[in-house]
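Biologist: I would like to go through this structure with you one step at a time. Please keep the answers plain.

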Amino acid sequence: MTTWLRRNAKEAIAALALVVLFACYIAIHPRGFSTYVVTIWSNQGALLGLAAIAQFFVVLVKGIDLSVGSIIALTNVVASFLLNGSPASIALGTVVVLVVGVACGLLNGVVVVYGRVQPIVTTLATGGVFGGIALLLRPTPGGSVDETVSDALTYAVGGIPVSAIILVVVLLALQVFLRWTAVGPALYGVGSSEQSAYMTGLRVNRLKLIAYGSSGFVAALAGIYVSMVTLTGDPNIAPSYTLNSIAAVVLGGVALSGGVGSPVGAVIGALILKTISSLTFFSGLPPLAQPFFEGLILAIAIALGALGVFRVRSRLELYR
Amino acid sequence: MTATARTVPSRKSHRWLDRDRISVLLIMLGCIVLLLGGSLLYPGFLKLGYILQQLQIAAFLGIIATGAMLVILLGEIDLSVPWTITGTAIVVISASGSSNPMISSLAIPLGLCLGAGVGLLNAVGVAVFRLPAMVWTLAVNAMLLGAAVFYTGNSRTNGEVPWLATQAAIGRTFGIPNAFIVWLVIAVVMIWVLKRTVYGNYLYAMGNSQRAVFLAGARARLVIVATFVLAGIFSSFGAILLLGYTNQAYQGMGDPYLMPVISAVVIGGTSIQGGRGNYVGTFAGALFITLLSSILSVMQMPAAVRDIIFGAIILIMLLVHGLTGKNENI
């Protein structure tokens, strides 16, 4: 148990913070603990959680994805065209949306791997392109999504929000992928030391492409879920998802230097962020002061995560 | 960045046409192609008046990009630029409109102090807490946004634009826009600072290996702090000029600047990993971005198509850099 805790210290601390914040939120919420409140919270959390997982895959291989929000916006817009009609056409539409997401992710990957451009600037540029395409397809928010599917995916079953179930299923699947397949640990290897991974005989390029492709896939899941929650396609959601997904992975103990962290951590980070903003919403603070406190709490949370620097024995360790 | 020791570009390269120079030439070529291409579409492009106007607009972008370039040379990034711009504009316009003559005369210094303060806050997170700049400056940006919303409410800020800001932004001396002259002065000073001063040398060294600079006994922390503070001041300086140009401060006025600023620095040949790049490249990069967006708006493209073309062209420029350079990732 202690070794498990030590190994997952960052996730454990983040989870503890989440529990405390969630308890405050429930205590403060006028309707208290009810299926309705938890479902709303969970739906919002699942959206950012999926975005954070998408960001996690790129960060895992030492990249950063500034186009995550744009991919979500694009897939959301595409979903708003395709996800209605007969069950067969909805199924086909879902596949198309997922393909779009994977294609966007792979494009990032190809430019980074074969074009030898740094991930941050690559995704800065491709983000503009994806966002532009989304805006071209749907200049103003609109479209529609099949309401029965949406209801089935956004309400609760037996008191448990469906979004929470989806998130847990995705996390379990990813845990299997990252721990019990050959690819998963290899991704961690590429992230922690590309040179060593290359020397060991791992196919670094291909693994990176897998990571970027997976990121696009999860971003497409997020895009689909956005359309389920909002019932429309909105091309303007990109910036908030991109920025929050980066903050979320860092809060969840994923190292931006690559090779450290887990999807569970990323999701916990996302839930912390969502809880902070809901908390300030119900806190009774004047509405105009809320954005500032949201930013302040975010900054404090990030700074708290870095307190370890004061325990470092040699200052050399601070410089890499 | 950790184990891969990248080769430090030697300052006295014997080959005149080294990689950095190629990048600068490439981007200058890009500017010329844009001008010629633009003149085919719209004959007014090669007129002196149009070019001077473009130089004026490029100056705002270029001055803000100067700060971003310093931070990028350090190997970090500053995402707090948008709300530093907006915050400065709001502070300057409301201080200048104050009935107290003392405060209104100090409006511009106050604005620059705000930029320096934001830079210091960024530096504390990066230099002391050793947080990734990408995340910390993002959080600082969120706080600035919150502070600006709290201060102004949902209304437009009332006040007065300082006379000096208007003169610097839209005034002309002998027909040349003042903003461009200011930018040129900054450019000359920056080239000198980066090439000839101790600070400039430490900055490049930090970008290549912070660890080596620390081991050499240099004050690594001080370099980080100085860089972020300078970057904040440049953002505020650009914001004051922008305020003089637009003659109003509004929420979100800085938001459209983050991406173009980083793009200008990076397509100018500055490595996003830090430690490599020169100011002439950033100068040309800012011109290129300004010309490109001007051409796209003259062609009356819808915003969406503009975004796509803008992104695609930057991607192509980056790919040209990436594929012509030596393999530096592995």
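Biologist: Which residues in helix 3 of chain B meet N141(B), L144(B), L145(B), A147(B), A148(B), Y151(B) and T152(B) in helix 6 of chain B?

Modeller: This is a predicted model, and the contacts are read from it. On the side of helix 3 of chain B, that gives P82(B), W83(B), T84(B), T86(B), G87(B) and I90(B).

Biologist: How do the residues of that contact of helix 3 of chain B with helix 6 of chain B divide into nonpolar, polar and charged?

Modeller: Gly counts as polar in this scheme, and Ala, Trp and Tyr count as nonpolar. The contact of helix 3 of chain B with helix 6 of chain B then divides into eight nonpolar, five polar and no charged.

Biologist: Are helix 3 of chain B and helix 6 of chain B roughly parallel or roughly antiparallel to each other?

Modeller: The axes of helix 3 (residues 81-96) and helix 6 (residues 133-152) of chain B come within 8 Å and cross at roughly 25°. The crossing of this pair in chain B is left-handed. Angles under 35 degrees count as roughly parallel. Helix 3 and helix 6 of chain B are therefore roughly parallel.

Biologist: In chain A, which residues of helix 8 make the contact with helix 3?

Modeller: The axes of helix 3 (residues 35-60) and helix 8 (residues 162-180) of chain A come within 8 Å and cross at roughly 25°. This crossing in chain A is left-handed. Helix 3 of chain A brings S42(A), N43(A), A46(A), G49(A) and I53(A) to the contact. Helix 8 of chain A brings S163(A), A164(A), I166(A), L167(A) and L174(A).

Biologist: Which helix of chain B gives the largest share of the side that touches chain A?

Modeller: The contact takes 47 residues from chain A and 50 residues from chain B. On the side of chain B, the elements that give two or more residues are helix 6, helix 10 (210-215), helix 12 (258-267) and helix 14 (303-324). The largest share, 14 residues, comes from helix 14 of chain B.

Biologist: How many residues on the side of chain B that touches chain A are charged?

Modeller: That side of chain B has 35 nonpolar and 12 polar residues. The number of charged residues there is three.

Biologist: Where helix 6 of chain A and helix 12 of chain B make contact, which residues does helix 12 give?

Modeller: The axes of helix 6 (residues 119-137) of chain A and helix 12 of chain B come within 11 Å and cross at roughly 130°. That makes the two helices oblique to each other. Helix 6 of chain A gives V121(A), L124(A) and G128(A). Helix 12 of chain B gives M259(B), I262(B), S263(B) and V266(B).

Biologist: What radius of gyration does chain B have, with its 330 residues?

Modeller: The secondary structure of chain B comes to 14 helices and two strands. For 330 residues, a compact globule would have a radius of gyration near 20 Å. Chain B agrees with this, at 20 Å.

Biologist: Over which residues of chain B does pLDDT stay under 50?

Modeller: Chain B averages a pLDDT of 84, and 92% of the residues score at least 70. For the stretch you ask about, the model has six contacts beyond four places in sequence. The stretch with pLDDT under 50 is residues 1-5 of chain B.

Note on methods: Residues numbered from 1 in each chain as written. Chains lettered and ligands numbered in written order. Predicted model: local features only at pLDDT ≥ 70, side-chain atom pairs only at ≥ 80, totals over all residues. Axes fitted to C-alpha atoms, helices over the stretch in contact; angles between N-to-C directions. Helix = DSSP H or I, 4+ residues; strand = E, 2+ residues; numbered from the N terminus. Parallel < 35°, antiparallel > 145°, perpendicular 65-115°, else oblique. Left-handed = near helix turned anticlockwise from the far one by under 90°. Contact = placed C-beta atoms within 7 Å. pLDDT = per-residue confidence, 0-100. Rg over C-alpha atoms; globule rule 2.2 N^0.38 Å.
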